[in-house]
Amino acid sequence: MRDHIRKPLVIGNWKMHGSLAENRDLLEFLAEHLNSSTPVSVAVCPPYPYLATVNTQLANSAIQLGAQNLCASESGAYTGEVSGAMLHDIGCQYVLVGHSERRSLYGETDADVAAKFEAVSRADMVPVLCVGETLEERETGLTEGVVSKQIDAVLDRVGIQGFSNAVVAYEPIWAIGTGLTASSQQVQEVHAMIRQKLAELDADIAIELQILYGGSVKADNASALFSQPDVDGGLVGGASLDAEAFVQICLAAE
């Protein structure tokens with residue numbers, strides 16, 4: 001039975017997609033179908049150039065704003081980077097850290113991700129810590145060790161209290177954009193392991209922590225995934241760009 005303390009959360013990660021016109025149409029549809037009476041929290045993470053515009057468009061809606069990344073430093077000579085304070089300044093409430101694409105394509109280490117997690121918290125936003133294993137790691141039985149190590153790096157930096165205002169997103173790398181999806185049972189096992197790991201340090205924080213699943217979440221598999229007791233919603237990639245599909249996913253989280 002799901003613990004009623006945790007409100008479901010669905011976050012749309014737009015990655016490097018969108019335009020002013022496309023974003024406007026998408027957001028109009030979402031705002032129309034997802035309102036304050038929807039028993040699910042919803043956020044979208046557009047690319048940097050659109051954050052301010054999207055924030056304005058979401059002003060009278062129930063949808064929250066998130067960013068896809070940030071710099072761990074607070075300010076300085078870091079050409080091309082964006083700080084937590086800047087994201088907070090334009091209305092962001094969530095920031096993704098450690099997405100598998102950042103880790104694999106841009107070489108972000110567990111230590112880098114931990115520093116970014118701390119930077120999000122320092123800027124008074126909610127870090128969404130992405131963790132997950134490769135197909136090879138899953139097939140060789142390393143899933144628990146890999147995910148634990150990714151979480152330990154953050155615990156070493158901010159302690160268990162750092163998770164009191166945070167979200168964790170489990171995203172098996174082998175199920176992102178591949179069409180492969182982890183079974184509901186596989187997902188539940190990892191989510192339960194994450195919650196148990198944190199419960200050993202602080203049971204209250206662990207029971208309240210929203211743990212999302214991210215890995216080819218679609219309208220047709222969302223209900224089965226979200227019905228698992230330790231799955232509190234989703235981090236949705238491609239399907240978040242399809243207005244009708246994203247609304248269906250959000251409603252499945254009820």
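In strand 2, Ala43 is the bridge partner of Ile11. The structure is a predicted model, in which local features need pLDDT of at least 70 and side-chain atom pairs count only at pLDDT 80 or more, while totals for chains, interfaces and linings use all residues. Residues are numbered from 1 along each chain as its sequence is written, and side-chain values use heavy atoms, with hydrogens and water left out.

Helices (H or I, at least four residues) and strands (E, at least two) are DSSP runs, numbered from the N terminus. Two strands pair if DSSP finds at least two bridges between them. Strand 1 (residues 9-13) is parallel to strand 2, and five bridges join the two. Strand 2 also runs parallel to strand 3 (residues 63-67), with three bridges between them. Ala43 has Gln64 as its bridge partner in strand 3.

The chain passes from strand 2 through helix 2 (residues 51-57) to strand 3 in a right-handed β-α-β crossover. Right-handed here means that, with the strands pointing away from the viewer, the path from the first strand over the helix to the second runs clockwise. Strand 1, helix 1 (residues 20-33) and strand 2 also form a right-handed β-α-β unit.

In a regular strand, side chains alternate between the two faces of the sheet. Strand 2 (residues 41-45) has five of its five residues buried (buried is under 20% relative accessible area, exposed over 50% and partly exposed in between, with a 1.4 Å probe and protein chains only). Ser41, Ala43 and Cys45 are buried on one side, and Val42 and Val44 are buried on the other.

**Salt bridges**

A salt bridge is counted when a side-chain nitrogen of Lys or Arg lies within 4 Å of a carboxyl oxygen of Asp or Glu. By this rule there are 12 salt bridges. The table gives some of them.

| Pair | Closest N to O |
|---|---|
| Asp232 and Arg6 | 2.8 Å |
| Glu101 and Lys15 | 2.8 Å |

Asp232 forms its salt bridge with Arg6. Asp232 lies in the loop between helix 10 (222-226) and strand 8 (233-236) and Arg6 in the segment before strand 1, so the pair ties together parts that are 226 residues apart in sequence. Asp232 and Arg6 are both buried. A network of salt bridges links Arg6, Arg195, Asp230 and Asp232.

Glu101 pairs with Lys15 in a salt bridge. Because Glu101 is in helix 4 (residues 100-106) and Lys15 is in the loop between strand 1 and helix 1, this pair ties together parts 86 residues apart in sequence. Glu101 is partly exposed, at 27% relative accessible area. Arg103 and Asp110, by contrast, are buried.

**Aromatic rings**

Rings of Phe, Tyr and Trp (its six-membered ring) pair if their centres lie within 6.5 Å; planes under 30 degrees apart count as stacked, over 60 as edge-to-face and the rest as tilted. The whole structure holds two aromatic pairs. The ring centres of Phe117 and Phe163 are 5.3 Å apart and the planes are at 40°, so this pair is tilted. Phe117 is in helix 5 (residues 110-122) and Phe163 in the loop between helix 7 (143-158) and strand 6 (167-170), 46 residues apart. Both Phe117 and Phe163 are buried.

Tyr170 and Tyr213 have ring centres 6.2 Å apart and planes at 50°, so this pair is tilted. Tyr170 belongs to strand 6 and Tyr213 to strand 7 (residues 210-213), 43 residues apart. Tyr170 and Tyr213 are both buried.
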